Amino acid sequence: MPINAALTERSNGCCELCSSTTDLSVFEVPPVKEPNSDKSVLVCSTCLSQLEKQTDMDSNHWRCLNDSMWSQVPAVQVTAFRLLTRLSNAGESWAQDLLDMMYMEDEQKAWADYGVAADEIEDVAPTRDSNGTVLVAGDNVTLIKDLDVKGGNFTAKRGTPVRNISLTDNPEHIEGRVNGVRIVLLTQYIKKMPLFEDK
Ligand SMILES: [Zn+2]
């Protein structure tokens, strides 16, 4: 059976995310090597344009995920999970509440996470230290040269540890506390500390 027909039958001719019956088309849930109905969802044009990031997320529209996240169709669950993650990252706490309630089999969770990771790579360039190691919030780093702290009236010595860093919107900056002062550091002057330090 052609994918479109299989999906129309599965969904009773409704958008599988918001139940709209207008302007339906097939959305393949990445990654798709061989398109088939198990890897696709039938969606309306409103859902599709936001799924494909052609229009901004309309959080009111996505209240529909409240229902569709409970779909028995793995491709729908995975799509709902990815959308809720995007909404949650945009500060929608209700989306996080729904995510907390969601249950998926390991295989579906891995599929869902694949899309979340791809979104993150697309959205932000990773923050890297002077060696090119990717940094995440909470990492510990050390300074690789003496730095004059403007406004702090001190020099942060090479080798100074900076624990529990925060990332910023700029991949070349991190924030951390040196001598009790919260400062912005350039990533070119820091090095990630190994997870387990020798004391
Ligand atoms: Zn829809």
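Me: Where is the place of Thr 187?

Reply: This is a predicted model, in which local features need pLDDT of at least 70 and side-chain atom pairs count only at pLDDT 80 or more, while totals for chains, interfaces and linings use all residues. Residues are numbered from 1 along each chain as its sequence is written, and side-chain values use heavy atoms, with hydrogens and water left out. Helices (H or I, at least four residues) and strands (E, at least two) are DSSP runs numbered from the N terminus. Thr 187 is in the loop between strand 9 and strand 10.

Me: Is Thr 187 buried or exposed?

Reply: Buried means under 20% relative accessible area, exposed over 50%, and partly exposed in between, with a 1.4 Å probe and protein chains only. The relative accessible area of Thr 187 is 7%, so this residue is buried.

Me: Which residues does Thr 187 touch, not counting those up to four places away in sequence?

Reply: A contact means heavy atoms within 4.5 Å. Leaving out residues up to four places away in sequence, Thr 187 touches Thr 127, Arg 128, Asp 129, Ser 130, Leu 135, Pro 171, Glu 172, His 173 and Ile 174.

Me: Which residues does Leu 147 touch, leaving out those up to four places away in sequence?

Reply: Leu 147 is in strand 4 (residues 147–149) and is buried, at a relative accessible area of 12%. Its C-alpha is 6.5 Å from that of Lys 157, ten residues apart in sequence. With residues up to four places away in sequence not counted, Leu 147 touches Phe 154, Thr 155, Ala 156, Leu 185 and Tyr 189.

Me: What lies over the face of Tyr 189?

Reply: A charge sits over a ring if NZ of Lys or CZ of Arg is within 6 Å of the ring centre and within 35 degrees of the ring normal. One such case is the charged end of Lys 39, over the ring of Trp 111 at 4.4 Å from its centre. Over Tyr 189, at 4.6 Å from the ring centre, lies Lys 145.

Me: How many aromatic pairs are found in the whole structure?

Reply: Rings of Phe, Tyr and Trp (its six-membered ring) pair if their centres lie within 6.5 Å; planes under 30 degrees apart count as stacked, over 60 as edge-to-face and the rest as tilted. The number of aromatic pairs found in the whole structure is zero.

Me: What is the site of the zinc ion, judged by the angles among its four donor atoms?

Reply: Donors are N, O and S atoms within 2.8 Å of the metal (3.2 Å for Na, K and Ca), and sites may look incomplete because water is not among the atoms. The protein donors of the zinc ion are the SG atoms of Cys 15, Cys 18, Cys 44 and Cys 47, lying 2.3 Å from it. Four donors count as tetrahedral if all angles lie between 85 and 135 degrees; four count as square planar and six as octahedral if opposite donors are over 155 degrees apart and all others between 65 and 115; anything else is irregular. The angles here are 103 to 119°, and the site of the zinc ion is tetrahedral.

Me: What spacing do the donors of the zinc ion follow along the chain?

Reply: Cys 44 and Cys 47 are both buried. Along the chain, the spacing of the zinc donors is C-x2-C-x25-C-x2-C.

Me: Which residue takes a positive phi in the hairpin of strand 8 and strand 9?

Reply: Across this pair of strands, Arg 177 stands opposite Arg 182. The hairpin has two residues between the strands, and the positive phi, near 55°, belongs to Asn 179.

Me: Which residue stands opposite Thr 142 in strand 10?

Reply: Another open sheet has three strands in the order 6-3-10, paired antiparallel. Strand 3 (residues 141–143) and strand 10 pair over three bridges. Opposite Thr 142 stands Lys 191.

Me: What is omega for the peptide bond from Pro 30 to Pro 31?

Reply: Most peptide bonds are trans. Pro 31 is in the loop between strand 1 (25–28) and strand 2 (40–43). The bond from Pro 30 to Pro 31 is cis, with omega near -5°.

Notes. Two strands pair if DSSP finds at least two bridges between them.
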